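User: Please take me through this model and show how each term applies to it.

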Amino acid sequence: MRHLPRALAVAILVLGTALSPTAASAHDALLEASPADGAALGPDDPQVASFRFSNDVFPTAAFVSITDPAGADVSSGDVVVAGDTVTRDFTATTVGTYTASYRVTSSDGHPIEGGVTFTWDGPTAEPTVDPDDVPAEQRGEAAAGSPAEDDSSDSSTVALIAVAIAVLVVGTAVALSASRRRRRSEGPSGPHNDVD
Ligand SMILES: [Cu+2]
């Protein structure tokens, strides 16, 4: 498979050299990349990588691929060659650094390759949320570190205090009603008067 484009390229190179003495003097250069190298894409930016060269590229041997932060290929659809520009769609779903690479046959018959890296910031700011803004229960589930332990001991202390207050309230109510009952049943000639 790899030999066919190369043989074609060599044939075109020979032909091009024969027709024009200056054709092979220098191979084409990348003039513009989109996204630009180092660019930061937002959620509304088009998910298309394109490369524009100093000359038309050969449509039969043009490759463009885009990889996500984990190195997985997230290119979609076909490589589209339009004159001096090659484009390909991609689908970004993971926040992080992406690489868009190209390999095309330049007009002098030489393969040229390169690429750019850019970041995709994602649809929401969730990954950069301050940990303090996350509810304690979620943090406790997410990590078993010391902050989570502190949170759970805090909440169990609160629970203990709540139980203690409940016991106190119920106990006081029971004691009050018990003493009220006792006073009612004892009356003026109760045991206390006998002791006196
Ligand atoms: Cu060249």
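## Strands, core and confidence

Analyst: In β6, Thr85 is the bridge partner of Arg52. The model is a predicted one: local features need pLDDT of at least 70, side-chain atom pairs count only at pLDDT 80 or more, and totals for chains, interfaces and linings use all residues. Residues are numbered from 1 along each chain as its sequence is written.

User: What makes β3 and β6 a pair?

Analyst: Two strands pair if DSSP finds at least two bridges between them. β3 and β6 have five bridges, in the antiparallel sense, so they meet the definition. Ser50 stands opposite Thr87 in β6. The strands themselves (E, at least two residues) and the helices (H or I, at least four) are DSSP runs, numbered from the N terminus. The protein has four helices and eight strands, in the pattern α-β-β-β-β-β-β-β-β-α-α-α along the sequence.

User: Which strand pairs with β6 through the hairpin, and over how many bridges?

Analyst: That is β5, residues 75–82, which pairs with β6 in the antiparallel sense over five bridges. Ser76 stands opposite Asp89 of β6. Two residues lie between the strands of this hairpin, and Gly83 there takes a positive phi near 65 degrees.

User: Why are β1 and β5 called edge strands?

Analyst: Their sheet is open, with four strands in the order β1-β3-β6-β5 and antiparallel pairing. β1 (30–34) and β5 each have a single partner strand, so one side of each is left without a neighbour in the sheet. From one strand to the next the twist averages 10 degrees.

User: What is the largest nonpolar core made of?

Analyst: Such a core is a set of buried Ala, Val, Leu, Ile, Met, Phe, Trp, Tyr and Cys residues joined through C-beta atoms within 7 Å. The largest has 16 residues, and Val64, Val86, Tyr98 and Val104 have the most contacts inside it. β3 (48–53), β4 (63–67), β6 (85–90), β7 (96–105) and β8 (111–120) supply at least two residues each. β7 gives the largest share, four residues.

User: What is Val86 in contact with, beyond its neighbours within four places in sequence?

Analyst: Contact requires C-beta atoms, placed from the backbone, within 7 Å. The residues in contact with Val86 include Ser50, Val64, Val80, Tyr102 and Val104.

User: How many residues reach a pLDDT of 70 or more?

Analyst: pLDDT is the predictor's confidence in each residue, from 0 to 100. Its mean is 75, and 57% of residues reach 70 or more. Over residues 142–149 it is below 50, and this stretch has four contacts beyond near neighbours in sequence.

Key: A residue is buried if 20 or more other C-beta atoms lie within 10 Å of its own, exposed if 12 or fewer, and partly exposed in between; C-beta atoms are placed from the backbone. Two residues are in contact if their C-beta atoms, placed from the backbone, lie within 7 Å. Axes are lines fitted to C-alpha atoms, for helices over the stretch in contact, and angles run from 0 to 180 degrees between N-to-C directions.
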